[in-house]
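Dear colleague,

Please find below the structure that I am handing over to you. My findings follow directly after it.

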Amino acid sequence: MKIKLLFQGDSITDAGRDRNNPHDLGQGYPKYAAAILKENYPEVDFEFIDLGISGDQTKDLVARLQSDFIDVQPDIVSIMIGVNDTWHHAADRSWIPNEVFEERYRTVLKAIKEKTNAKIMIIEPFLIPVEDKLFFREDLAPKIEIIRKLAREYADAYLPTDGLLQSAFIGDDPLSYAADGVHPTAKGAAYIGELYDLYISDILEELVD
């Protein structure tokens with residue numbers, strides 16, 4: 001059985017991939033997730049595609065909808081987006097209005113539903129507690145709530161990354177997961193990759209059956 005799985009998002013998904021090769025998964029969570037999936041589902045012929053682009057915001061996913069979502073026609077698409085919608089506006093707190101953020105994200109999800117047969121996994125953006133970025137929460141927190149609401153409408157699986165990472169920090173150093181609060185270390189990427197496989201399992205079981 002063949003399954004085409006598309007990883008989409010920003011630098012956390014991009015993770016230094018070779019953009020000339022869409023099958024290159026970089027050094028982030030897609031690399032770890034794919035390795036575990038291949039091991040857990042040896043009967044599946046996976047085609048993994050990573051089209052994450054560093055710096056992307058929701059508006060950029062809207063701009064890439066046709067070429068990087070619809071034209072790909074994946075069986076599963078996972079999306080982690082949102083932290084740059086906060087970060088790129090943090091210097092002067094010129095936050096994107098929440099209704100604009102919701103409209104952009106909804107545009108992406110609606111198009112996937114209407115123009116592909118893909119199952120959707122939404123991955124929650126996260127913030128690791130680093131002193132110089134703690135104030136991001138004032139904007140990111142309501143945007144995470146918007147993503148959760150959209151997930152209830154559109155997603156087949158939802159990975160609550162932000163909350164699960166807070167749990168992982170108990171008895172551990174948060175900075176060992178992402179030194180700058182946003183970009184995962186190898187340890188952080190491996191942890192998210194493990195979560196990815198756990199939370200996508202229901203979708204895969206349905207497709208494999």
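In which strand is Ile123 found? Ile123 belongs to strand 4. Please note that the model is a predicted one.

**Ile123 and its surroundings**

With a relative accessible area of 0%, Ile123 is buried. Leaving aside residues up to four places away in sequence, Ile123 touches Tyr29, Ser78, Ile79, Met80, Ile81, Leu159, Thr161 and Tyr196. Between Ile123 and Leu195 there are 72 residues in sequence, and their C-alpha atoms are 10.0 Å apart in space.

**The nonpolar cores**

The largest nonpolar core has 39 residues, and Leu37, Tyr196 and Ile200 are those with the most contacts inside it. Helix 9 (residues 186–208) supplies six residues, the largest share of this core. Apart from this core lies another, of 27 residues, which includes Ile49, Phe69, Phe101 and Ile120. As a general background, nonpolar side chains in soluble globular proteins tend to be buried together.

Tyr196 deserves a separate entry. Not counting residues up to four places away in sequence, Tyr196 touches Leu5, Phe7, Tyr29, Ala33, Leu37, Ser78, Met121, Ile123 and Leu159. Tyr196 also forms one aromatic cluster with Phe7, Tyr29, Tyr41, Phe46 and Phe48. From Glu145, Tyr196 is separated by 51 residues in sequence and by 20 Å in space, C-alpha to C-alpha. Glu145 itself lies in helix 7 (residues 137–154) and counts as partly exposed, at 45% relative accessibility.

**Helix 9**

The buried residues in helix 9 include Gly188, Ala189, Ala190, Ile192, Gly193 and Leu195. Tyr196, Asp197, Ile200, Ile203 and Leu204 in helix 9 are buried as well. At Ser201, helix 9 bends by about 50 degrees.

**Helix 2**

Helix 2 (residues 29–40) has twelve residues, and the distance from its first C-alpha to its last is 16 Å, close to the 16 Å expected at 1.5 Å a residue. Tyr29, Pro30, Ala33, Ala34 and Leu37 are buried in helix 2. These residues lie on the same side of helix 2, because they cover an arc of only 125 degrees around the axis. An α-helix has 3.6 residues a turn, so residues three or four places apart point the same way. Lys38 and Glu39, on the other side of helix 2, are exposed. The buried residues of helix 2 are covered by elements that include strand 1 (2–9), helix 1 (11–14), strand 2 (45–50), strand 3 (76–80), strand 4 (119–123) and helix 9.

**Helix 6**

Buried in helix 6 are Phe101, Glu102, Tyr105, Val108, Leu109, Ala111 and Ile112. Among the elements that cover these buried residues are helix 3 (58–63), helix 4, strand 3, helix 5 (83–87), strand 4 and helix 7.

**Aromatic pairs**

The structure holds twelve aromatic pairs. One of them is formed by Phe135 and Phe136 and is edge-to-face, with 5.1 Å centre to centre and 85 degrees between the planes. Phe135 is partly exposed, with a relative accessible area of 27%, whereas Phe136 is buried, with a relative accessible area of 3%. Tyr177 and Tyr191 form an aromatic pair that is also edge-to-face, at 5.8 Å centre to centre and with 80 degrees between the planes. Because Tyr177 lies in the loop between helix 8 (161–168) and helix 9 while Tyr191 lies in helix 9, this pair ties together parts that are 14 residues apart in sequence. Tyr177 is buried, with a relative accessible area of 7%.

Ala15 is placed in the loop between helix 1 and helix 2. Gln73 is placed in the loop between helix 4 (65–70) and strand 3, and at 36% relative accessibility Gln73 counts as partly exposed.

With kind regards

Conventions. Residues numbered from 1 in each chain as written. Predicted model: local features only at pLDDT ≥ 70, side-chain atom pairs only at ≥ 80, totals over all residues. Heavy atoms only, no water. Core = buried A, V, L, I, M, F, W, Y, C linked by side-chain atoms within 4.5 Å. Buried < 20%, exposed > 50% of the residue type's maximum accessible area, 1.4 Å probe, protein only. Helix = DSSP H or I, 4+ residues; strand = E, 2+ residues; numbered from the N terminus. Contact = heavy atoms within 4.5 Å. Phe/Tyr/Trp six-rings, centres within 6.5 Å; stacked < 30°, edge-to-face > 60°. Bend = angle between axes of the 7 residues up to and from the residue. Expected span 1.5 Å × (residues − 1). Arc of directions from axis to C-beta.
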